[in-house]
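User: Please take me through the terms applied to this structure, setting each value against its definition.

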Amino acid sequence: MQRKKKILAGFLLFLILMWFCTVLSKSIYTSELPIVSTVAAERKYIEHIVELEGIVIAGNKDPVSSLGGLRIDHLMVQVGDKVEEGDVLFTIDMEDLDEIMEEKQDEIHKLQLQINTILQNQELARQKKALEEERAREDYDALARYQDTLVGRAAEGISQVEEDIDEQDGGMSDELRDELQSAAYAEADARWNRDNTIKDAERRVEDILLPENEDATLDTLRVDLSGRQEDLSQYQEIKKQEGIVTACAGGLITDIYVSAGGRIPDTAVMLMADDSVPCQFKAVLGRDEKKYVGLNDSVTLKLEGSGKEKDLKVDYLAESETMPGSFDLYINLPEGTGMPGLSGVMTRSETGEQQPLCIPPLAVNTLETRSWVYVVKEREGILGMEYYVEEVDVKIKDRNESWVAVEGALDSESKILLSSTKAVKNGDTVRL
């Protein structure tokens with residue numbers, strides 16, 4: 001009996017030991033498993049909020065210019081200054097102005113000398129041509145008279161031979177016949193010489209009367225002279241104003257392109273915002289943000305120093321010329337609102353369609369073009385029921401900073417892995 005009790009006690013002790021080892025093994029096994037947290041997909045609206053930082057710019061900028069090349073003595077304004085009509089903007093270096101005017105006058109004098117020389121040469125050429133024409137006509141008349149005389153003499157030779165023939169009673173002798181033929185040849189030759197000689201003389205007159213070759217030099221010099229004289233008159237007007245340049249209208253100085261001691265460019269010295277035109281808000285929109293902001297969309301705008309937001313709309317939206325892939329956005333501000341240089345933030349909120357399966361961004365894994373989530377499921381393990389993860393491919397339909405709308409082999413009951421204490425892969429055992 002005592003022996004049976006000992007055997008039963010030993011068996012019980014063995015069972016207790018086996019149970020303890022099993023519990024210890026399971027504890028050690030589970031302690032090594034990743035601890036995960038899960039979420040369930042929710043039905044939500046994916047709201048997109050676009051915030052853009054920008055700056056207030058002038059609605060219209062008028063250039064302030066003066067004669068290019070003049071040296072600025074003093075700049076009386078700086079960017080951001082508000083000026084009224086008649087306020088002094090800058091002054092011109094008068095000594096430099098005098099030097100430039102003297103150079104201009106020298107250039108004008110040289111051009112005038114060139115023009116006068118050409119005109120004198122043209123007059124001499126005209127006189128020479130007239131003299132050549134007069135002499136050619138005299139030569140023509142003299143040659144015509146002389147050739148007519150020769151033709152007349154040849155004709156008299158024929159008449160003389162004919163008279164000799166008439167005086168003979170016995171008819172025309174061979175000698176007289178030869179003389180008559182020679183006289184006739186002589187007259188024909190005289191007429192031919194006369195016609196050709198007169199024609200040559202006439203052509204010499206025609207050649208002299210031909211117009212001269214066209215030459216644009218004089219016209220070019222006159223245009224150049226006129227332009228320099230006009231420039232000089234503008235310099236003279238500046239000198240008359242004692243080198244003081246004033247504002248033609250009131251406005252805000254937005255840009256200055258020169259400094260004191262520098263020379264005025266051929267474009268503009270500065271730009272001034274027109275007070276009569278309201279300002280604009282300008283921002284740069286990225287390609288992804290462009291999906292949620294369009295022309296004429298309603299937006300809110302908060303300017304620096306203003307505690308109140310304004311409800312406005314997008315007035316202009318076009319691809320940026322300076323930043324390819326981005327878009328320039330402009331909003332016309334109400335009259336009297338803002339001033340150039342102020343910063344601000346534009347906000348546009350758009351609520352999309354309701355999506356049935358929305359999960360936090362942390363739950364979605366993406367590699368190149370593939371996206372997937374891990375779903376926690378149960379299975380029979382060596383130590384009983386256990387949890388494991390299974391990859392499920394999903395397609396992203398929409399997203400914002402807080403939610404991602406997906407579609408795939410999921411439902412609202414799916415336990416989707418949100419976080420894990422260790423990296424996991426498909427099929428790994430986990431602990432909730």
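Analyst: A salt bridge is a side-chain nitrogen of Lys or Arg within 4 Å of a carboxyl oxygen of Asp or Glu. This is a predicted model, in which local features need pLDDT of at least 70 and side-chain atom pairs count only at pLDDT 80 or more, while totals for chains, interfaces and linings use all residues. Residues are numbered from 1 along each chain as its sequence is written, and side-chain values use heavy atoms, with hydrogens and water left out.

User: What makes Arg-71 and Asp-96 a salt bridge?

Analyst: Their side chains meet at 3.3 Å, N to O, and the limit is 4 Å, so the pair qualifies. Arg-71 lies in the loop between strand 3 (61-64) and strand 4 (72-75) and Asp-96 in helix 2, so the pair ties together parts that are 25 residues apart in sequence. Helices (H or I, at least four residues) and strands (E, at least two) are DSSP runs, numbered from the N terminus. Arg-71 and Asp-96 are also linked with Arg-263 in a network of salt bridges. The structure holds 20 salt bridges.

User: Why is Asp-96 called buried, and how is Arg-71 classed?

Analyst: Buried means under 20% relative accessible area, exposed over 50%, and partly exposed in between (1.4 Å probe, protein chains only). Asp-96 has 6% and is therefore buried, whereas Arg-71, at 27%, counts as partly exposed.

User: How do you know that Arg-137 and Glu-133 form a salt bridge, and what separates them within helix 2?

Analyst: The N to O distance between their side chains is 3.2 Å. Being four residues apart in helix 2, Arg-137 and Glu-133 are separated by about one helical turn. An α-helix has 3.6 residues a turn, so residues three or four places apart point the same way. Arg-137, at 40% relative accessibility, and Glu-133, at 24%, are both classed as partly exposed.

User: How are the partners of the salt bridge between Glu-386 and Arg-379 classed?

Analyst: The side chains of Glu-386 and Arg-379 meet at 3.1 Å, N to O. Glu-386 has 14% relative accessibility and counts as buried; Arg-379 has 29% and is partly exposed.

User: What makes helix 2 and helix 3 antiparallel or parallel?

Analyst: Axes are lines fitted to C-alpha atoms, for helices over the stretch in contact, and angles run from 0 to 180 degrees between N-to-C directions. Angles under 35 degrees count as roughly parallel, over 145 as roughly antiparallel, 65 to 115 as roughly perpendicular and the rest as oblique. The axes of helix 2 and helix 3 come within 9 Å and cross at roughly 170°, so the two helices are roughly antiparallel.

User: Why is Glu-187 called buried, and which residues does Glu-187 touch?

Analyst: Glu-187 lies in helix 3, and its 17% relative accessibility makes it count as buried. Not counting residues up to four places away in sequence, Glu-187 touches Ala-154, Ala-155 and Ile-158, where contact means heavy atoms within 4.5 Å. The buried residues of helix 3 pack against helix 2 (94-167).
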